[in-house]
Amino acid sequence: MVATRVQQKLRQQKIEVLPLADKTLPEILELDEPPFLNPGEAHSQLSHVEQYVRQHGGRGVVVEHHYIDRDFMEEYSVFYSKSLTPYPNSCRRVSFFSLDPADLRREFKRLLKIRDQEPFEAASKEFSEKHYLGFSVIKPLDGCPVGRTVLRCSPGKPQRGYTDLFPCACGYTAHLFGIPLIVQGLAFQQQDLGVSACATTALWSALQRARELEESVAATPAQITMRASQFALPFGRAMPSEGLSVEQMCQAAHSLGHAPYLFRASESFEESRALLYSSVQSGVAPVLILSRPSGSKHAVAVAGMRIKSAHTINELGELFDDRSGDLVQLYVHDDRIGPYLSAEIRQRKKQLVLQLPTGRSENWLLSHVLVPMHPKIRLSFAELRGAAIQLVKSAHAHRQWLRQWFNVPIELPLVDYRILKAHAYVQSLRSESNVTDLLVKNLCESVAFSRYVACVRIQADDLDPIDVLLDTTGTQKNISSLAIVQTRNSLPLTAAMAALLGEEYRCQVIS
Amino acid sequence: MPAQQTKRAKSQTRIDPTEAVSRFRDPKVQVRFRKAMGQLAKKAAPLIEAVRSTERLDESDYAIRINTKG
């Protein structure tokens with residue numbers, strides 16, 4: 001009889017549609033302040049989530065009082081279920097909307113009246129794009145309630161002269177009343193210091209993106225901490241989390257099927273910014289390892305970046321103009337503070353410093369960057385940059401002799417490079433104006449692509465964009481070129497340069 | 001600011017790619033090209049070195065402990 005009552009209670013769902021106007025989120029959720037923490041400390045991340053939602057026009061919330069979250073369930077299984085305090089294994093989920101409760105109910109009714117699947121899905125998608133701002137899982141832990149949280153990654157107020165890009169965002173679908181709600185973002189959660197501290201959480205966020213790229217099951221924080229501490233425990237017990245070493249993070253990424261690519265970022269500002277730019281542009285969410293003069297180390301995941309809308313010349317070695325000079329700010333998930341923090345990039349001597357917007361600005365030196373890559377991508381971002389420099393060198397040398405024959409002026413070419421899936425490259429070409437259908441057809445019919453391709457784009461005032469496609473399964477000593485793609489032919493030098501690069505790098509020219 | 005950036009004049013006629021490639025195969029052009037590549041290699045060397053140094057890691061890089069609580 002008792003068991004039946006418990007089962008009935010567990011099965012009960014309660015869904016409330018509430019306004020965001022009258023109360024704060026902790027008040028709406030009736031969260032208690034834990035007695036051993038300072039006032040406001042436990043809810044600071046939740047307040048940040050609330051602030052973000054309000055800034056993006058949030059007016060109504062839907063609270064599901066019984067929600068099973070896979071990430072928390074695993075944390076519960078390995079850690080919280082073994083506590084004396086009987087924590088429940090279920091969470092609550094709060095969904096955020098830019099509509100008042102009355103309008104929200106009306107919209108739900110309207111959507112649920114659509115019986116045919118296709119129009120229903122189309123209407124749900126349209127509704128999501130207009131009004132859905134994301135969700136936050138609320139764990140039954142008073143001291144760290146913010147679980148998996150995905151908020152729409154749209155810029156707040158557009159700042160004149162800058163563009164916000166979120167290539168590391170993924171698509172998430174939540175279901176409410178059977179309505180599929182779609183949001184583009186990168187998952188965030190608060191550190192609980194039981195199963196995960198900053199290293200685990202940052203890697204977890206980064207792996208969300210890797211999961212989308214390869215359509216695999218996302219790793220949970222508990223899995224990451226357990227895999228990281230499987231073979232080494234240099235800093236004591238795994239749980240409660242005492243933090244991880246970089247080696248443990250690499251071990252965790254590797255055991256979850258990713259290739260951890262690590263580079264040092266503390267020696268050259270230009271190099272660090274360039275590698276950061278190309279990895280974010282490639283849509284692989286990098287984990288930034290930050291340090292302070294006091295010696296403390298921190299990890300955050302990158303969700304997006306802010307670049308200058310109008311390119312400004314960033315000349316490197318009198319060889320080329322590096323597009324990465326346009327990068328001014330990163331959007332990072334900091335599990336101590338909240339999601340999508342705008343971290344300004346500063347140069348201090350030769351080093352790259354990130355200014356995090358905490359109560360008072362915190363300056364962190366970028367020490368290393370860990371990028372979880374697909375194992376088939378063997379070409380690293382540094383090797384790709386090296387290859388891009390070689391290509392620019394060739395382009396310059398060609399111009400020098402072309403100048404004598406054809407009176408060609410020498411301009412500094414603008415260069416940028418990234419790694420992306422072959423089909424994503426084709427899609428990006430299709431979306432460019434002036435790229436003909438015939439060129440795309442020729443490319444697809446004549447080039448055998450690697451799963452991921454590296455694309456080095458060279459352009460100048462007298463040169464239309466030329467893409468040099470490289471095989472990412474190659475290594476530094478054996479990089480193969482797949483094709484030279486001459487995207488247009490409106491400027492005098494383009495066709496000749498594409499042909500010459502094709503000749504030199506022994507690959508076909510697609511035009 | 002190097003002189004190259006101030007040159008914005010564009011050549012008037014398009015260069016025929018077949019002709020460019022055929023001239024590129026000329027041994028004299030090859031010599032000139034290699035010479036230019038050699039000179040440019042000097043400019044590129046510090047850039048290549050800077051980028052390669054980011055990947056020269058040792059045990060100390062992997063031993064960093066990350067544990068900021070908040």
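Two residues are in contact if their C-beta atoms, placed from the backbone, lie within 7 Å. The structure described here is a predicted model, in which local features need pLDDT of at least 70 and side-chain atom pairs count only at pLDDT 80 or more, while totals for chains, interfaces and linings use all residues. Residues are numbered from 1 along each chain as its sequence is written, and chains are lettered from A and ligands numbered from 1 in the order in which they are written.

**Between the chains**

Chain B places 45 residues in contact with 61 residues of chain A. Helices (H or I, at least four residues) and strands (E, at least two) are DSSP runs, numbered from the N terminus. Of these elements, α3(B) supplies the largest share of the side of chain B that touches chain A, with 16 residues. Strand β9 of chain A (residues 244–245) pairs with β1(B) in the antiparallel sense over two bridges; pairing requires that DSSP finds at least two bridges between two strands. A:Leu244 has B:Ile66 as its bridge partner in β1(B).

**Within chain A**

Chain A has domain 1 (13–221), domain 2 (253–373) and domain 3 (381–510), with bounds from an automatic or database domain assignment. The C-alpha centres of domains 1 and 2 of chain A are 26 Å apart. Their contact takes 33 residues from domain 1 of chain A and 33 residues from domain 2 of chain A. On the domain 1 side, α7(A) gives the most, with ten residues.

**Residue classes**

Ala, Val, Leu, Ile, Met, Phe, Trp, Tyr, Cys and Pro count as nonpolar, Asp, Glu, Lys and Arg as charged, and the others, Gly among them, as polar.

| Domain 1 of chain A, touching domain 2 of chain A | 20 residues | eleven residues | two residues |
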